[in-house]
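Opening the notebook on this one. I'll jot down what I looked up, in the order I looked.

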Amino acid sequence: MNAFFSTARNREQPDAGPSLREKLRSEELKAWFGDAIALKGISLSIPEKAVTAIIGPSGCGKSTFVRCLNRMHEVVPGARVEGRVHLDGTDIYDPRVNPVRLRRRVGMVFQKANPFPTMSIRENVLAGLRLQGIRPGRGGELVERALTQAALWNEVKDVLDRSGSSLSGGQQQRLCIARALALEPEVLLMDEPASALDPIATQKIEELVYELKASFTIVIVTHNMQQAARISDRTAFFMLGTLIEIGDTKDVFMNPKEKMTEDYITGRFG
Amino acid sequence: MERHFDRDLEQLTLRLVQMGGMVEEAIAKSVRALLERDSALAEEVITNDQAIDQVELEIDQQTMELIATMQPAAVDLRFLATLMKVTPELERIADLAQDVAERALELSREQSINRMGDMGRLAASARDMVHKAIEAFARRDATLAREVIRQDDEVDNLTEQSFRSQLTYMLEDPTNISRAIRLTFVGKYFERMADSATNICEMVVYLVEGKVIKHAAIDE
């Protein structure tokens, strides 16, 4: 039978890609802001060294979900979490887990590039380490490695002591990625990392994400589903705090299992 | 800026060129099976057709995936649209080579026929067109594509000559009819291969120049 009309693969695929090891798993994860429930019990598996994209309309809970993956949600006043998130099999909500140490393993990049404006490029890269109480000195090798990984080294290697805010928007975002990478995380959470950037800067970030998956597990939240299609291996579609569908990105975009997913990705939503 | 999409497109081009190689080999073997009355070789062509079909499905699948995930535009879109039309043409050529092999197999069971006429030349010309069409696609060479399109007239003439030759043969002795009809079919198969090569080349011109030239005179 012609493979691209086959649905057998869709039916058979487990939550994580068959050849990939599971890095993170949420089980019945619920989250609230005060009395308002944002996540209504999300269970999904995130494979190691792959890009998992979370898509869905505004208010679907996609950002809240990734913030629960490194315990950032709980820092919001009135916010509450229930359920479990396993990182390499250990529940990160276990009371013995230190959230600061956890966030070193599960780094985060935000929508708006937020370099520390009074710090140089070099200091920005090292800022995360300093906040963790590590004294890397001038951190020459570390700075070069993090900036190279973030595909920014060639553009800034001669101006490392210039202010981080002297860079363009796209460069600032890559600087923030370098700052996250300097902590040598295992997982990188990216919340709309390119939504404030122009198409060329966006493409650079997308290519970077594609390259980074060789070394890191990446979870990216995006309202741009074309971006999810271009760079991710797995795509999860959320709606109203519920996981509607998760699958290999090519399957979700070619042959989604759920009508709601189909309506959303074809623009028939609403 | 290099895009990972470019690597995917290169991979697909390579896969299509590999499929083209398999198709050319099928043509060459079917011609040898016919001219040398080699039934084992004819069987081989028939069996190997499945592998070509498999590559077609694989390219279809990957093309669909790239359209779904990469939202191609401009030359990328034309490339994938071209690929979706070129792949079935190649598969059709392989099926025609299989048809040649089937007729070769039937002829090998009958008394030898000495009147092949221009069949060798016709086969060589059709095969040459297929080879160049694949090359034009891989190199995105519209000039070569137009050259191949012009070559189609030569194949049409050779097909006509081959038909007349078989017709004479049938008129000379009615016991030749079944063999001569099989050879007439074979001539038609080569002509159709050349037609498919022409279709591929029309798509190559579209890919390179964004210009539709099918159903119209070649615009220099």
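**Confidence first**

I checked pLDDT (the predictor's confidence in each residue, from 0 to 100): chain A averages 88, and 91% of its residues score at least 70. Residues 1-18 of chain A are below 50, yet this stretch has 28 contacts in the model beyond near neighbours in sequence; a contact is two residues with C-beta atoms, placed from the backbone, within 7 Å. Where pLDDT is low, the predicted coordinates should not be read in detail.

**Ground rules**

This is a predicted model, so I note that local features need pLDDT of at least 70 and side-chain atom pairs count only at pLDDT 80 or more, while totals for chains, interfaces and linings use all residues. Residues are numbered from 1 along each chain as its sequence is written, and chains are lettered from A and ligands numbered from 1 in the order in which they are written.

**Strands**

I took helices (H or I, at least four residues) and strands (E, at least two) as DSSP runs, numbered from the N terminus; two strands pair if DSSP finds at least two bridges between them. In chain A, E1 (22-33) runs antiparallel to E4 (79-87), with eight bridges joining them. Lys30(A) sits opposite Glu82(A) of E4(A). E4(A) also pairs with E5(A) (90-91), antiparallel, over two bridges, and His86(A) has Asp91(A) in E5(A) as its bridge partner. I then looked at the hairpin of E4(A) and E5(A): two residues lie between the strands, and Asp88(A) takes a positive phi near 50 degrees.

**Chain A against chain B**

I found 14 residues from chain A and twelve from chain B in the contact. On the chain A side, the elements giving two or more residues are H8 (199-212), H9 (225-231) and H10 (249-254).
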